[in-house]
Amino acid sequence: MLLSSPQLMVGGEWLTADEYSWGDLSFSRSYGPGGGGCKELSFRMTSSFLARNPRIVSNASAMLFYGGRRIWSGDLQDPEWQAGEVTVAATGLFRRAEGYATLDGDDETSDATDVPTIAVDAAISRGLGWSLTSSVPNTPYTPGTTQTINRLNTLLEAHAVKLGQRWTVDQFGVLEFVTDPTAPTKSASYETIPGAVNLGIARESYASHVILRYILSAPGLPEDGDYRNAAYPSLDSPANEYEQRYGHVEVTIDATDQGPTTALVATQKAQYLYETSYQRPGWTNGFELGPIDLLTAGGVETDPVQVAAEAPGKLLRLHGVPDEVKFTPYTDVVIAEAGWSADSNTVRLTPLGMVARSATDVFQELIEKSNGTYRTTISS
Amino acid sequence: MTTLAGFELGSVMLGDLELLRGGEGAFAIEALGSDSGYDLGNADPIEVALQTLLQEGAVVVTQGHNNREVVIPVLVKAGDPVALAEAEQRLFLQLERRNTLTMRYAEYDLSTVFEVVTSSLAQVTDDFAEVKRGERRYNIRLVCEPASRSESLVEVEISAGGEPPASETAVVISEADDLTGWSPRSDETLVDGDGYVAAVNGPSTGNYVGLDYQLPTPASVGTTPYIYVEWATADIDTLVGGLQIRINGINSYRLSPFVSVAAGDYIRSYFNTADYNSVPPGGTVSNIHMDVRAALLSSTPGVGQLRINRIVRTNMAPILGSARQVTAQFPVLGSAPAQGSVRVRHPLTQLGKTLVYTRAASDTYYNPPMREKLVSPKPAETVSSSAVSGKTSDPRVLHIFRVPALSLPEGTYDIWIRARDSNAMEQTFAWTAQHIDPNGDAVGPVESGSHTRAMSGAMDLFNIGQVRLPTVKSRSGAGFVRLEFQQTTNNGAGAPELDELWLFEKQRGALTVVRAGNKRRLWLEAATVDRPRPAIYILDKTNGSVSTGNTADAIYPAGLVDAFGEHRFEPGLMSVFVVSEATGPAVGIDYYPRWHTHAAL
């Protein structure tokens, strides 16, 4: 049976119409944390020894189409020219936020802002190429203060943490704040047949209580502020089902560099961190699934290309993998990342909460964490 | 042609160089047999193994084929070193580039062509023969495309035949409201149901249920050559194909993709009495036999019914609203998938924004346009001479399409619409899809999505989503998919119009959309030996046949290609669906039939 291949458009023109052949296509989509949406894409292309293909240049736009539908958009990274071929990677639209500051206007006279709608609107006027939806917060991160300039992605991530949400930018450049699914909705989920996968548990990321150190909003400068603790769940509350199973573990997080905040917001942050990162042990592995192993909620065999383009953020029910806490014969995970590559026509799925296992992964995680910290200063 | 021991020899040509018994002037080239390493090779399947604990062994899926490697050993003879060098030069000129290897079988007057991707030459040292006798041995290694092909191009073109008749003349053959004229097949029994006549299976029915209708007076079908039957099944597991009919005892040609939903969830299938001589010109219809086949029909008598609601003859072919959208079906020859070209042309009218969709049609009733599948509550429809569906409606009103599940092969579907907004504002289009079982109940997951885009004041074609269909696995293949569509915004409060909505299956199908503007011809060209990738051309010169004629102004429509598909044809029946702004364009395909190794034509 012949299968159709997705088609790539680079710099506004179809690559298939180009003089040189291309192939080895892969692409991925993610759901966060740290922003989500179209993530990475790569392909290889033949090249002349003597001249470079003028279409393959850094920062050219790249769009992937499946049938007539755009399923991925982003920007080319720096091509790697080799003898007779070029390897090209591209990053998705959400990564553009790293190159924009949180200003409220389109020139240098504008002020810093911590309101996402204002910062994104101004960045759009400076060329960001996104559009806003009503889900994007239009309120300041810290009311009544003047802000330092952050990178746009750290501002969005800070707001997402505060709201207990994630931010994604889809293939059309639409920025959205979304909440994790908690139960399989009939349409927004997938299932694996029993025996297709297994899932390892890693308790190193587990905590039964998140204790957040913060500065209480108070008149005056931060050094005069009142240092407080927020905890979620409350330290003296009865043990929940996770604590009963995996024991009492406290984790402390210093959020004092994020500026003064109210007790309510601090508790919300602790709750978000607890629910998204610590509540249950992490997973040790992802899955490589073909159309036969991975079914839609309606029990229909899946199309790996479509799954990679749509699955992140949706729920995946792993039949045959019992849940130790809920005592169900299945485990539900949220799909954090999905990747497809042409060589196998299978889809790689990574569950949310997968724990870094190799030294490289751990190091990468540290870098991402240090880059992504939202900072605020206060002037009187 | 050389004759060797009374046997007529064919030839083996690499480009324009004869290898079998070639050479000229001072040198000769002679291809050697398999004792010396001659080998046509094989297409190398790319198999991906997926480990599963569900069964013993692994699930292995063939994803495609890698190139095949052909080896041809040749012996070069000449009287002097200069002539030997010349032979080597001639040989080497054909190598290390794209080329063709043509094997001609003289006995059958046909050739097999291997498309050479690249090649190389290795000299074989042969016991001082190169010194003693002035001979050179070489092995030519050819990396070829996996499937071979015929030498000549197959070209087929159909003309869509212009606009349909202005009004429909439909004559009911039977309303099936009593048993008069109906007779059961073999040991089956007949039931006079509520508005239908049903054949119920008997103890030794086998895999078929069927019945006959004898017309009280034979009906002339001269001016009403199309017959449609509204039918349904009950308690039948896993239908194979759809309704088959015989008119006057002769199998009738089913207009394959045309199936729609009639009132009461009956499926309407169309047949053409003019084809295959089921009714000779000027003839009459006196008897109609109808049956369906099931993979597993219950052996319990009384379970499994074929219900007939109505039989009608009409002058209206089951067109798709207007001749601006055309479904053409072509048989594809060969034993392996072929790369094919699609050509759309109109002698007079510009094509405008043109959509071409191709898909294997052997297994299905599937046809992309959906307007004819609108069910109540229907939005008000306005007849429009410029609409490709023949009608427009207000997209702000909910549209419900009910599509027989057996006309939707399992796959991933692109949802496209043709619409406009008089004020050219940004609008949002939302859709949902859900399965309806044969009892009429909505079951299983609801798939949904929405798409927002800046609209144009002129009609435009665009994608609004993708969906995996069917939404729920159905063992029998019966039931319906209910697709709901609506424009959920009313920005600018203009006068939006929806022309047509399409579902394009894209895992196996290929879709190309080109803004052809004022051009009257559109070519989607398959990859060739010289240019190993598909190409798209628009051109205005209209003289000439499908592929020849004046092509001087053919150019790639840079920046005007909204979707770029690679159109490949699978052996069997291929469906080509075209939407353009020209009424009744001619649609043609051409391709080289592909074969495993040896071409048969």
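A disulfide here is a pair of cysteine sulfur atoms within 2.5 Å. By that rule, the count over all chains comes to zero.

A word on the model: it is predicted, so local features need pLDDT of at least 70 and side-chain atom pairs count only at pLDDT 80 or more, while totals for chains, interfaces and linings use all residues. Residues are numbered from 1 along each chain as its sequence is written, chains are lettered from A and ligands numbered from 1 in the order in which they are written, and side-chain values use heavy atoms, leaving out hydrogens and water.

Now to the interface. With contact taken as heavy atoms within 4.5 Å, 47 residues of chain B touch 42 residues of chain A. The area buried between the two chains (accessible area lost on being put together, 1.4 Å probe, summed over both) is about 3,700 Å², and carbon and sulfur atoms give 54% of this. On the chain B side, Gln466(B), Gln507(B) and Phe564(B) lose the most area to chain A, together 16% of what that side buries.

What about salt bridges across this interface? Counting a side-chain nitrogen of Lys or Arg within 4 Å of a carboxyl oxygen of Asp or Glu, the rule finds zero between chain B and chain A.
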